[in-house]
Amino acid sequence: DIKLTPRQRKKLLVNWKQGLAKARRKAVLWHHAQKENRLKEAERRALKTIGAIDISNKEILELALAILYMGEGTKKKVETAMGSSNPLILKFFLASLKTLYGLDIKNIKCQLNLRADQDPERMKRFWSKELKLPLNNFGYVNLDKRTIGSKTYPYYKGVCHIFCGNVAIQRKLVYMSEIFCKKIVEKYLGS
């Protein structure tokens, strides 16, 4: 029942807004800490699972490659190829091809799909260094004209496509991934 003056009301409103802002800052810090804990737990669990797998087992490596190929590999053309903007995926692809099939990395060909404002020669050097492939393995570069006038984020290095040309590998990987997925579906979801 106490009547407040306009000055008192304003002071209470300012205090309330300042308290709310302080509470939000604390909440953000708390949420970041909780997320960090969840990320560390996910990493711990992933390391435990990976630790239980014999990564030197070539059948496991080939199955992992087949599953990756199912999602990222070229399936329409009659060649073994994969494109990605993630160097780690392409390094895994190259390491697997070399380990499993003895492919000579010198015979690998690469193409780049870049945004209009990206320098093709600079991007070739980036991908050559990242993938440890000779610069002369990089040929055609496609610049996406639809991106003219828009700025590219500095971390984006385009999409690199790797071609090894061996269709027999592609066919085996596609069949392996399909057969494996069907077996899992049948076992855990029924036919």
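1. Leaving aside neighbours within four places in sequence, I105 is in contact with L94, K98, L133 and N137, where contact means heavy atoms within 4.5 Å. I105 lies in the loop between α3 and β2; helices (H or I, at least four residues) and strands (E, at least two) are DSSP runs, numbered from the N terminus. With a relative accessible area of 19%, I105 is buried, since buried means under 20% relative accessible area, exposed over 50%, and partly exposed in between (1.4 Å probe, protein chains only). One of its partners, N137, is 32 residues from I105 along the chain, and the two C-alpha atoms are separated by 9.3 Å.

2. The model is predicted: local features need pLDDT of at least 70, side-chain atom pairs count only at pLDDT 80 or more, and totals for chains, interfaces and linings use all residues. Residues are numbered from 1 along each chain as its sequence is written, and side-chain values use heavy atoms, with hydrogens and water left out.

3. The largest nonpolar core has 27 residues. A nonpolar core is a set of buried Ala, Val, Leu, Ile, Met, Phe, Trp, Tyr and Cys residues joined through side-chain atoms within 4.5 Å. I108, L131, L133, C160 and I162 have the most contacts inside this core. Two or more residues each come from α2, α3, β2 (109-115), α4 (120-131), β4 (159-163) and α5 (167-189). Helix α3 gives the largest share, five residues. In soluble globular proteins, nonpolar side chains tend to be buried together.

4. Not counting residues up to four places away in sequence, L131 touches P87, L90, K91, L94, C160 and I162. Of these partners, C160 and I162 are listed with L131 among the core residues that have the most contacts.

5. The axes of helix α2 (residues 58-72) and helix α3 (residues 87-101) come within 10 Å and cross at roughly 135°. That makes α2 oblique to α3: angles under 35 degrees count as roughly parallel, over 145 as roughly antiparallel, 65 to 115 as roughly perpendicular and the rest as oblique. Axes are lines fitted to C-alpha atoms, for helices over the stretch in contact, and angles run from 0 to 180 degrees between N-to-C directions. The crossing of α2 and α3 is left-handed; a crossing is left-handed if the near helix is turned anticlockwise from the far one by less than a right angle, and right-handed if clockwise.

6. On the α2 side of this pair, K58, L61, E62, A64, L65, L68 and Y69 meet I89, F92, F93, S96, T99, L100 and Y101 in α3. By class, the contact of α2 with α3 has ten nonpolar, two polar and two charged residues. Ala, Val, Leu, Ile, Met, Phe, Trp, Tyr, Cys and Pro count as nonpolar, Asp, Glu, Lys and Arg as charged, and the others, Gly among them, as polar.

7. F92 is found in helix α3 and, at 29% relative accessibility, counts as partly exposed. Residues up to four places away in sequence aside, F92 touches L61, A64, L65 and L68. The C-alpha atoms of F92 and I184, 92 residues apart along the chain, are separated by 24 Å.

8. The axes of α2 and α5 come within 8 Å and cross at roughly 90°, which makes α2 roughly perpendicular to α5. From α2, E62, L63, L65, A66, I67, Y69 and M70 meet Q170, K172, L173, V174, M176, S177, E178, F180 and C181 in α5. The residues of this contact divide into eleven nonpolar, two polar and three charged.

9. Within α5, S177 is buried, with a relative accessible area of 2%. S177 touches A66, I67 and M70, not counting residues up to four places away in sequence.

10. The axes of α3 and α4 come within 10 Å and cross at roughly 50°, which makes α3 oblique to α4. This crossing is right-handed. The contact is made by P87, L90, K91 and L94 of α3 and F126, W127, E130 and L131 of α4. Its residues divide into six nonpolar, no polar and two charged.

11. K132 lies in the loop between α4 and β3 (138-144) and is exposed, with a relative accessible area of 71%. Phi of K132 is near 55°, a positive value in a residue other than glycine. Most residues other than glycine have a negative phi.
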